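Dear colleague,

Please find below the structure I am handing over to you. I would be grateful if you could read the notes alongside it.

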Amino acid sequence: MTGSLRIKRGIWQMVFSYKDSTGKWRTKSESTGLKEKGNKRRAAAMLDARLKELSHTSDKLLQNSKVMFLDAMEQWLEDVMIGQVRYNTLVQYKNAFAYNIKSYPPFQNVRLQKLTPALLQSFYNAKVKAGLSPNTVHKLHANLNKFLNYAVAMDMIPSNPAQRVTLPRKVRPNVGKAYTAQQLQELLHLLKGDPLELVVFLTVTYGLRRSEVCGLRWSSVDFKSKHLRIDHTAVAINGQVIRANQTKSAASCRTLPMSPQICKALEAEWAAQETAARTLGSLWKDSGYVCVRPDGLPLDPTFVSHHFARVIKKSGLPYIRFHDLRHSAATLLHSGGYDLKDIQGWLGHSDISTTGNIYSHLEEKRLTDIAQTMGRTLLADD
């Protein structure tokens with residue numbers, strides 16, 4: 001690479017000549033920002049410094065010219081991302097890589113520096129045609145974009161090809177169905193004596209995620225102050241349950257008050273577990289979790305979903321997923337007069353826009369109510 005100076009509109013410009021990956025000579029220019037008069041030496045110094053920087057980058061790019069794309073991304077996941085995200089999030093990153101990115105045939109034997117926007121675009125298009133949702137494709141793109149930004153920072157590639165693709169339009173999350181207050185009461189009555197009785201009561205009261213209710217421990221329940229803390233999760237991924245002192249986000253880690261009904265239910269469960277421990281002796285497994293199996297081991301999140309589905313199908317109630325209990329709680333809060341900010345804090349969303357995007361139907365209902373109120377008020381004399 002060579003460089004020279006020129007003046008353009010009274011400003012010193014640096015002009016660089018270099019060979020591209022095909023061996024053709026190219027030129028590019030950069031402004032020094034220095035005015036022509038009295039700045040020739042400073043401009044020359046800037047040119048020398050920039051040439052050294054570009055030469056170093058060029059050397060690094062040459063050293064990495066044979067690095068394979070899939071190998072580099074896999075190493076990034078193992079060496080870099082392991083210290084950046086929660087363990088269960090890392091597992092999801094690795095699964096997305098293994099089952100979608102690595103398995104895409106055109107990516108095989110592609111060098112990192114030969115990865116083009118066109119190749120990435122073909123990947124996204126193929127995934128959409130294969131039935132993957134646009135939102136999932138956006139998640140795959142986020143992973144790829146993050147890796148390629150890292151590769152740029154490490155001088156492995158000159159630019160990020162993922163920044164020049166066209167992604168499918170995102171769709172609004174499907175909130176699913178929600179039970180009314182009466183249906184929730186019927187459900188709780190139906191679950192009397194069922195392994196999920198306490199699980200469902202806690203879930204519909206606090207709008208908990210499955211990972212949160214399955215991760216609730218006695219150490220997070222304070223009977224004296226009558227509060228419980230959501231600070232531990234149990235996530236089911238590919239048949240494995242990952243338990244960690246982490247929540248989905250910082251906002252998801254929250255302290256919530258216990259109503260007299262919740263306090264009574266938890267005290268009854270505490271007493272029941274103490275009785276079971278005395279009865280079973282060495283067969284009792286003191287796991288420290290609130291929602292447990294008869295032997296004391298914590299409930300598996302997958303069992304919770306499957307057993308809940310079986311109960312609902314036999315109940316005569318409209319079918320909903322276990323996660324829809326969270327939506328039911330949000331709807332119940334809104335009908336009780338609580339706004340999105342209240343619901344955000346109760347459910348543990350990190351951003352109120354998340355609450356608004358998911359429960360936009362709640363805001364639409366509120367706006368409809370406002371419109372009707374204004375109509376009745378303005379035409380009250382008609």
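The notes below cover salt bridges, a sheet and aromatic contacts.

This is a predicted model, in which local features need pLDDT of at least 70 and side-chain atom pairs count only at pLDDT 80 or more, whereas totals for chains, interfaces and linings use all residues. Residues are numbered from 1 along each chain as its sequence is written, and side-chain values use heavy atoms, with hydrogens and water left out.

Salt bridges

A salt bridge is taken here as a side-chain nitrogen of Lys or Arg within 4 Å of a carboxyl oxygen of Asp or Glu. By this rule there are 12 salt bridges. Glu-212 forms one with Arg-209, at 2.6 Å from N to O, and one with Arg-254, where the closest N and O atoms are 3.0 Å apart. Because Glu-212 lies in helix H8 (residues 210-214) and Arg-254 in strand E8 (residues 254-257), the latter pair ties together parts that are 42 residues apart in sequence. Helices (H or I, at least four residues) and strands (E, at least two) are DSSP runs, numbered from the N terminus.

Glu-212 is buried, with a relative accessible area of 2%, and Arg-254 is buried at 6%. Buried means under 20% relative accessible area, exposed over 50%, and partly exposed in between (1.4 Å probe, protein chains only). In another salt bridge, Glu-197 meets Lys-192 with the closest N and O atoms 4.0 Å apart; here Glu-197 is partly exposed at 30% relative accessibility, and Lys-192 is exposed at 58%.

The sheet

Strand E8 also belongs to an open, antiparallel sheet of three strands in the order E4-E5-E8. Strands E4 (221-222) and E8 stand at the edges with a single partner strand each, so one side of each is left without a neighbour in the sheet. Two strands pair if DSSP finds at least two bridges between them; strand E5 (residues 227-230) and E8 pair over four bridges. Arg-229 has Thr-255 in E8 as its bridge partner.

Aromatic contacts

Rings of Phe, Tyr and Trp (its six-membered ring) pair if their centres lie within 6.5 Å; planes under 30 degrees apart count as stacked, over 60 as edge-to-face and the rest as tilted. The count comes to 11 aromatic pairs. Trp-76 and Phe-147 have ring centres 5.5 Å apart and planes at 55 degrees, so this pair is tilted. Both Trp-76 and Phe-147 are buried.

With kind regards
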